[in-house]
Amino acid sequence: MAPHNPSQNHLLAALPAADFARLAPYLELVPMRLGDMLYEPGEQLEHAYFPTTCIVSMHYVMASGASAESAGVGNEGVIGISLFMGGDTTPSSAVVQTAGHAYRLERRRLEMEFKAAGLLQRLLLRYTQAMIAQISQTAVCNRHHSVEQQLCRWLLVTLDRIPSGQFVMTQELVASMLGVRREGITEAAGALQQRGFIRYRRGQIAVLQRVGLEGRACECYSVVKKELSRLLCDVRYRQEQPAL
């Protein structure tokens, strides 16, 4: 198993050596357990989180108790954009969807670095634009596409963040994130398993044929992925340079 490294997060990896060296002493490695609540709606955010091996789901919970995911964040991004956008709070909650690790940064340090108007500021603003695109596309997808298409999109996004292709996930949790009935997920997952695209057993999902999922997914997956790539296409990662 590879040792933990902030450069496993794409935004941190994109910082020049001097910028990263200034920030590194304040980055705290924290374990992220499945179901951990990082933010509650309306509360003051105290930290930003840069995931490396975990995935965090941004959820909105209705008064009825029903919920749906508006966006997910993995090693490509950061949780806590309200901190540098000036909002400090958020109406949604942030919950760990897939266990792993992240690097935590205290909000005052993040605000200080952001106000310095260097590369970190530009990276965070571009990522925020990509996040807006993801939220918008998710809303369209949930309204117009089938449960199977939504599930394929979700599996592909998760696979991008966890290349192993295997992750722990119950049908109840997937249904909650997509805002659909559990029965719909059971039917869609069963169809994908019959085609040999995935294997689902005892709360564990294994992707067997990515190409098959891409063929069944709606265009929403590629739209969001292309927008993230477009916004960060000129980023050169520090891994390409000699190690610090």
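**Exercise 1.** Sort the residues lining the largest cavity into nonpolar, polar and charged.

*Solution.* Start with the list: L151, L155, Q171, V174, I185, A189, I198, Y200 and I205 line this cavity. Lining residues have an atom within 4 Å of a cavity point; on a 1 Å grid over the protein atoms alone, a cavity is a set of points where a 1.4 Å probe fits but cannot get out. Next, apply the classes: Ala, Val, Leu, Ile, Met, Phe, Trp, Tyr, Cys and Pro are nonpolar, Asp, Glu, Lys and Arg charged, the others, Gly among them, polar.

The model is predicted: local features need pLDDT of at least 70, side-chain atom pairs pLDDT 80 or more, while totals for chains, interfaces and linings use all residues. Residues are numbered from 1 along each chain as its sequence is written, and side-chain values use heavy atoms, without hydrogens and water.

**Exercise 2.** Find which elements each supply at least two residues of that lining.

*Solution.* They are α6, α7 (171-178), α8 (182-194) and β9 (198-201). Helices (H or I, at least four residues) and strands (E, at least two) are DSSP runs, numbered from the N terminus. The cavity itself holds about 50 Å³.

**Exercise 3.** Decide whether α6 is mostly covered or open.

*Solution.* Take its range: residues 147-161. Count the buried ones (under 20% relative accessible area, 1.4 Å probe, protein chains only). Eleven of 15 qualify, so α6 is mostly covered. Among them are L151 and L155, which also line the largest cavity.

Note on methods. Expected span 1.5 Å × (residues − 1). Buried < 20%, exposed > 50% of the residue type's maximum accessible area, 1.4 Å probe, protein only. 1 Å grid on protein atoms, 1.4 Å probe; cavity = no way out; pocket = protein on both sides within 12 Å on 5 of 7 lines; lining within 4 Å. Points joined across faces, edges and corners; volume = space filled by probe spheres on them.
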